[in-house]
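Dear colleague,

Please find below the structure that I am handing over to you. My findings follow it.

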Amino acid sequence: MKILTGAQLKELDKYTIEHEPISSIDLMERAARALTDAITKRWSTDMSVIVFAGPGNNGGDALAVARMLAEQDYKVSVYLFNIHDKLSDECATNKQRLIEQNKITSFTEVTDNLEPPALNESSLVVDGLFGSGLNKPLTGGFAATVRYINQSTAQVVAIDIPSGLMCDDNTGNTAQSIISADVTLTIGQRKLCMYFDDTERYTGDVEVLDIGLSEEYIKTAVTKYTLVERSMITPLLRRRGNCVNKGTMGHGLLMAGSYGMAGAAVLSSEACLRSGIGKVTVVTPERNNDIIQIKVPEAIIAHNGDDYITNTVNPSQYDAIAAGPGIGQHESTASSLIDILRRADVPTVIDADAINIIANHKTWIQQLHSNTILTPHPKEFDRLTDSAGNGGFDRLFKATHMAKSIHSYIILKGHYSALCLPDGNVLFNSTGNSGMATAGSGDVLTGILLALLARGYTTFEAALVGMYIHGLAGDIAEKTVGKESLMAHDIINHLPEAFADLYNDNDDSARRS
């Protein structure tokens, strides 16, 4: 599914009005009806509704919602902010309709300072101050109003997007001047900012409302952002042939573990084996031998050093390589890593401490082979780029630039992990849950990616399928153990079900390998 930018969403509204055709005020009425239905399903008439409406079309939506809630016997008080004595045409029309209806409890047009209403746990604030067109942080009275709402115990539902939050880029925005909503009822589709971990906290529970915006416009729109859908994954699956053996199903080299971090090697190697690889050889310190041999007897162990990896390995006999989980950052390990990466002429995955090592040796990133997969979490990526961590959009911008620069694939991990492609496009993952925010989850992803690469998936296919199926296994696990109790091993345990689920989805489309 395409993810449109704020500018494109504005064009989508305009295109719908011109080509349905429908008047702007009637489209607003349609949106208000959908918003009202969603609100009445969640909150009863016992709630005291306080509507904060801005002077633009988001405010017009809010005024129309106030009128419709009043028709259903909700106690509604409205505060319309008209500081500059200038309302949009649609907002002015809905102001007049609301006054003529004469069913709301009170109506206050704010032209100077707000005398704030009392807000408590029985209050429902409808936030209609500003919509997706905002392009600078809120200041002055609007910022003060936002802070007042956020400090209250009221429940807050935001129309389309929380006021103060910008649709795309919130780099440099003021956190205290953004509504913290319990629920966001967004029109048409999630906004780009809703896919970033640092801004998602303002939206609360997001519900997407379909109001019949133009499918024709969406179909022809050009955007570099896409939400991965299940239908994109099933055609890429490779069905295991009948006459294969472990030698034809790929042999992967996994550089993982150090003394005290044997678990990373265990999780990665077991996930790799659960993802269909023929053989996996684990390069790990001798201290980890007994643990891995007992926990994952199917893995081949290549001892390398006592407490940490110290020696290089010839990568020529392997079909794919993955390096990083739990290896530490000792200089001997770093030297071994870069020697392997320089000599490798097979698909490669770089994760965890391997990323941290490269972050400490910045020139090494230019020595990586093209089509490498890097899987940093946000802090690892910040180290890699010497970034101060200026938010999700800024981090994504840098990741897309880096992916293009080194012609590789970067999976920027998060709730909606973002796969940055060498051509500058970005695929946001649609599977996974917050229970997967646990130690070892990334090690599992590395193992999955290694297996898919060794089996013959292209780098793009492995990155996309691996990211999706990792999240899918986590979603299946969450149904069994819940988010709070989910561990990395639960993801591995549910990989068989995740693979089976996808194969059953489109059995005829899976290619034989």
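Why is strand β5 (residues 155-159) largely enclosed by the rest of the structure? The reason is that 4 of the 5 residues of β5 are buried, where buried means under 20% relative accessible area, exposed means over 50%, and partly exposed lies in between (1.4 Å probe, protein chains only). Strands (E, at least two residues) and helices (H or I, at least four residues) are DSSP runs, numbered from the N terminus.

Two remarks on the basis of what follows. This is a predicted model, in which local features need pLDDT of at least 70 and side-chain atom pairs count only at pLDDT 80 or more, while totals for chains, interfaces and linings use all residues. Residues are numbered from 1 along each chain as its sequence is written, and side-chain values use heavy atoms, with hydrogens and water left out.

The sheet

Strand β5 belongs to an open sheet of 7 strands, in the order β3-β2-β1-β4-β5-β6-β7, with parallel pairing; two strands pair if DSSP finds at least two bridges between them. At the edges stand β3 (106-110) and β7 (205-209), each with a single partner strand, so one side of each has no neighbour in the sheet. From one strand to the next the twist averages 15°. Axes here are lines fitted to C-alpha atoms, for helices over the stretch in contact, and angles run from 0 to 180 degrees between N-to-C directions.

Within the sheet, β1 (residues 48-53) and β4 (residues 123-128) are paired in the parallel sense over 6 bridges, and S48 has S123 in β4 as its bridge partner. Strand β4 also pairs with β5 in the parallel sense, over 4 bridges, and L124 stands opposite Q155 in β5. Helix α4 (residues 89-101) lies across β2 (75-81) and β3, and runs at about 150° to β3.

The nonpolar core

A nonpolar core is a set of buried Ala, Val, Leu, Ile, Met, Phe, Trp, Tyr and Cys residues joined through side-chain atoms within 4.5 Å. The largest such core has 58 residues, and those with the most contacts inside it are I373, L419, V444 and L464. The elements that give two or more residues to this core include β11 (279-284), β13 (320-323), β16 (409-412), α15 and α16. Helix α16 supplies the largest share of this core, 11 residues.

Helix α15 (residues 441-455) has 15 residues and reaches 22 Å from its first C-alpha to its last, close to the 21 Å expected at 1.5 Å a residue; the expected span is 1.5 Å times one less than the number of residues. Of the 15 residues of α15, 15 are buried. Just after α15, G456 adopts a positive phi of about 115°. V444 touches L267, A271, H470, A488, I491 and I492, not counting residues up to four places away in sequence; contact means heavy atoms within 4.5 Å.

T372 is found in the loop between α12 (352-360) and β15 (373-375). With a relative accessibility of 4%, T372 counts as buried. Its contacts, apart from neighbours within four places in sequence, are T348, I350, S408 and Y409.

Salt bridges

The structure holds 15 salt bridges, a salt bridge being a side-chain nitrogen of Lys or Arg within 4 Å of a carboxyl oxygen of Asp or Glu. One of them joins the side chains of R238 and E461 (3.4 Å, N to O). R238 lies in strand β9 (residues 238-239) and E461 in helix α16 (residues 459-481), so this pair ties together parts that are 223 residues apart in sequence. R238 is buried at 15% relative accessibility, and E461 is buried at 10%.

A further salt bridge is formed by the side chains of D339 and R343 (3.1 Å, N to O). D339 and R343 are 4 residues apart in helix α11 (residues 331-343), and about one helical turn separates them. D339 is partly exposed, with a relative accessible area of 24%, and R343 is partly exposed at 40%.

D386 forms a salt bridge with K362, with the closest N and O atoms 3.3 Å apart. This pair links distant parts of the chain, 24 residues apart: D386 is in the loop between α13 (378-385) and α14 (392-405), and K362 in the loop between α12 and β15. D386 is exposed, with a relative accessible area of 62%, whereas K362 is partly exposed at 33%. Salt bridges that share partners also join E29, R67 and R97 into one network.

Yours sincerely
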